[in-house]
Amino acid sequence: FALFRLHGYSLSQDWLLLEFIGWDSSCGQPEAPVPADLVVSTPQLVTTTPITAYKPVDFRVTVSNVGDVAVNSQFFVDVFIDPTVVYSTSIPIAQSDGYVALSSLAAGASQVVTITAASGFTNQPPTHLVYAMADSLAQISEGVETNNIAAPLAVSNVTPISPTLAL
């Protein structure tokens with residue numbers, strides 16, 4: 001069932017002009033299930049301080065499926081350190097600094113994962129922004145795609161090092 005607002009009609013020409021208001025479940029019919037919807041938390045720094053530039057660093061994120069439909073196929077969760085661009089639904093995958101693959105996630109379930117950024121932080125900028133993104137390859141059909149990227153974690157006080165050349 002649905003609710004509509006009547007804006008116009010013509011009996012002689014057999015037409016109605018209706019505005020869709022929303023779905024109605026007042027008669028007891030079941031509501032349509034909410035599609036899978038993956039959400040990821042802001043990354044948490046797991047590596048203990050002091051943090052040294054160019055050394056591997058670990059982050060923990062929680063991935064949740066807040067939809068009513070299970071995700072029954074593999075998807076990836078990535079971390080991005082200082083990406084050059086962050087869109088509303090994606091970050092360019094080439095800028096990923098580490099990832100984990102999840103084989104599935106039940107409806108209403110959450111899973112905590114640890115992701116290693118093997119190259120770590122660079123010497124600059126003085127404050128780094130770390131983003132996490134669920135379904136970074138856009139493999140899962142979701143009801144909402146704009147909530148796959150978490151608010152960034154700001155990390156400062158990274159000890160810079162002088163790069164050395166291997167001879």
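Two rings of Phe, Tyr or Trp (its six-membered ring) count as a pair if their centres lie within 6.5 Å, and the planes make the pair stacked when under 30 degrees apart, edge-to-face when over 60 and tilted for the rest.

| Pair | Centre to centre | Angle between planes | Type |
|---|---|---|---|
| Phe4 and Phe20 | 5.7 Å | 65 degrees | edge-to-face |
| Phe59 and Phe121 | 6.2 Å | 85 degrees | edge-to-face |

The model is predicted, with local features needing pLDDT of at least 70 and side-chain atom pairs pLDDT 80 or more, while totals for chains, interfaces and linings use all residues. Residues are numbered from 1 along each chain as its sequence is written, and side-chain values use heavy atoms, without hydrogens and water.

Phe4 lies in strand 1 (residues 2-10) and Phe20 in strand 2 (residues 15-23), 16 residues apart, where strands are DSSP runs of E with at least two residues, numbered from the N terminus. Phe4, at 47% relative accessibility, and Phe20, at 43%, are both partly exposed, that is, between buried (under 20% relative accessible area) and exposed (over 50%), with a 1.4 Å probe and protein chains only. By contrast, Phe59 and Phe121 are buried; Phe59 sits in strand 6 (residues 57-65), and Phe121 in the loop between strand 9 (110-117) and strand 10 (127-134), 62 residues apart.

Phe4 and Phe20 also belong to a nonpolar patch on the surface, together with Leu6, Tyr9, Leu11, Leu16, Leu18 and Trp23. Such a patch joins nonpolar side chains (Val, Leu, Ile, Met, Phe, Trp, Tyr) within 5 Å, from residues with over 30% relative accessible area and no salt bridge, the latter being a side-chain nitrogen of Lys or Arg within 4 Å of a carboxyl oxygen of Asp or Glu. The patch has about 1,000 Å² of accessible area, from the Shrake-Rupley method with a 1.4 Å probe, and strand 2 gives the most to it, with 4 residues.

Conventions: Patch = residues over 30% accessible without salt bridge, like charges linked within 9 Å, V, L, I, M, F, W, Y side chains within 5 Å.
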